[in-house]
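User: Hi! I would like to learn how to read the features of a protein structure, one at a time. Could you walk me through this one?

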Amino acid sequence: MRLQDKVALITGAGSGIGRETARLFAQNGASVVAVDINVPAAQETVERIREAGGTAIACAADVARAADCEHMVQEAERAFGKLNILFNNAGIMLSEDDDAVTTDESIWDKTMAVNLKGVFLGCKYGIPALRRAGGGSIINTASFVALLGAATPQLAYTASKGGVLAMTRELAVVHARENIRVNALCPGPLRTELLMKFLDSEEKRQRRLVHIPMGRFGEAREMAYAALYLASDEAAFVTGTEFVVDGGITAAYVTPEG
Ligand code: NAD
């Protein structure tokens, strides 16, 4: 069991990457705090973990709100006595997010509040708890769009993920001597609700698939395995990385499809 006796807090645990990671972490011996703004979804994740014999609690929080982030960390320490792993994973991609000219200021602000400020607030309240535990691992979900520009714009989303990557590097450097590792997970396009809602026609999906050497969308479970490595002591010398799991998208100039 790769996370035996560890306590992990995962935001956005009611769906996609967060849910699959919560299940995998629990299978690997972690006690999981499944955080989501969607409470029934977080509870369903917890039920699935418990059915499989794992340990988890659900916690309601909007990661864009400081008081909620403070509360979720308190809940982890109250329920399980400590916090070892913080997975700042909750994120949104709004359908009205477009180019600079057409994107409304409110869409920009909302995206930044969840995707960028949410990670900051998770760290603001999570890092003191990790210190109390003698160190730990933080994983922040960025995206391959933090590394590459796209002609189908989602400007606020892309900028927010670039911010997550920059913030991750600085956090890694600042906290390296405290035994706190901080890494960014950069998923490629996944077959999750978030992206399938955004790419809402077969034509849009095919346009994206052309750019992926593997010719398919990734699975949330494939991100969970990467997060498991970064969370575990196997990654003891890994900090400040952009951990790319993208089917080869960032390596490609031309794909087999042309
Ligand atoms: P998802 O929509 O399946 O799950 C996201 C979860 O976050 C949902 O359960 C949602 O309720 C929760 N959430 C949303 N806003 C929240 C808030 N303010 N506070 C707390 N919880 C909130 O998405 P996913 O595909 O699993 O994405 C997870 C992360 O991965 C996001 O940060 C996303 O940007 C990133 N990502 C996804 C893809 C992809 O293709 N799906 C690619 C790269 C990066």
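Analyst: Happy to! A polar contact is a pair of N or O atoms within 3.5 Å; within protein, one of the two must be able to donate a hydrogen and the other to accept it. Keep in mind that this is a predicted model. Here is a case: the side chains of Thr45 and Arg19 make a polar contact at 2.8 Å.

User: Which backbone oxygen lies 2.7 Å from a polar atom of the Thr45 side chain?

Analyst: That of Ala13. Thr45 itself lies in helix H2, residues 39-51. Leaving aside neighbours within four places in sequence, Thr45 is in contact with Ala13, Gly14, Arg19 and Ala22.

User: Is Thr45 buried or exposed?

Analyst: The cut-off to remember is that buried means under 20% relative accessible area, while exposed means over 50%. Thr45 has 0% relative accessibility, so it counts as buried. Lys6 is buried because its relative accessibility is 18%, whereas Asp5 is exposed because its relative accessible area is 57%.

User: What is Lys6 in contact with, beyond its neighbours within four places in sequence?

Analyst: Lys6 is in contact with Gly29, Ala30, Ser31, Asn84, Ile85 and Asp233.

User: How do I read a backbone angle such as phi?

Analyst: The general idea is that most residues other than glycine have a negative phi. Asp5 has a positive phi of about 65°, although it is not a glycine. Asn179 is another residue other than glycine with a positive phi, near 65°. Asn179 sits in the loop between helix H5 and strand S6 (180-187).

User: Which residues does Arg191 touch, not counting those up to four places away in sequence?

Analyst: Arg191 touches Met196, Phe217, Gly218 and Glu219. With Glu219 there is also a polar contact between side chains, at 2.9 Å. Arg191 is in the loop between S6 and H6. You can also read a separation in two ways: Arg191 and Asp97 are 94 residues apart along the chain, and their C-alpha atoms are separated by 19 Å.

User: Now the empty spaces. How are they found?

Analyst: Rolling a probe the size of a water molecule over the atoms shows where empty space is left. In this structure, the largest pocket holds about 1,000 Å³ of space. Its lining has 43 residues, and Ser15, Gly91, Ile92, Met93 and Leu194 lie nearest the centre. The elements that give two or more residues to this lining are helix H1 (16-27), strand S2 (31-36), helix H4 (105-132), helix H5 (155-175) and helix H6 (193-198).

User: Which element gives the largest share of that lining?

Analyst: H6, with five residues. By class, the lining of the largest pocket has 21 nonpolar, 15 polar and seven charged residues.

User: What about the second largest pocket?

Analyst: The second largest pocket has about 540 Å³ of space. Of the 25 residues that line it, Ala150, Thr152, Arg207, Arg208 and His211 lie nearest the centre. Two or more lining residues come from each of H6 and helix H7 (202-209), and the largest share, four residues, comes from H7. The lining of the second largest pocket divides into 13 nonpolar, six polar and six charged residues.

User: How many cavities of 30 Å³ or more does a search of the whole structure find?

Analyst: One. A cavity differs from an open pocket in that the probe fits inside but cannot get out. The largest cavity here has about 30 Å³ of space, and Thr11, Val63, Asn88, Asn89, Ala90, Gly118 and Val119 line it. By class, that lining has three nonpolar, four polar and no charged residues.

User: How many residues surround the ligand?

Analyst: There are 28, and the closest are Ser15, Asp36, Tyr157, Leu190 and Thr192. A polar backbone atom of Asn89 is 2.8 Å from an oxygen atom of the ligand. Asp62 places a polar side-chain atom 2.9 Å from a ligand nitrogen, and a polar backbone atom of Ile37 is 3.3 Å from a nitrogen atom of the ligand.

How values were computed: Residues are numbered from 1 along each chain as its sequence is written. This is a predicted model: local features need pLDDT of at least 70, side-chain atom pairs count only at pLDDT 80 or more; totals for chains, interfaces and linings use all residues. Side-chain values use heavy atoms; hydrogens and water are left out. Buried means under 20% relative accessible area, exposed over 50%, partly exposed in between (1.4 Å probe, protein chains only). Contact means heavy atoms within 4.5 Å. On a 1 Å grid over the protein atoms alone, a cavity is a set of points where a 1.4 Å probe fits but cannot get out, and a pocket is an open set with protein on both sides within 12 Å along at least five of seven lines; lining residues have an atom within 4 Å of a point. Grid points are joined across faces, edges and corners, and a volume is the space filled by probe spheres set on the points. Ala, Val, Leu, Ile, Met, Phe, Trp, Tyr, Cys and Pro count as nonpolar, Asp, Glu, Lys and Arg as charged, and the others, Gly among them, as polar. A residue is near a molecule or strand if one of its heavy atoms lies within 4 Å of it.
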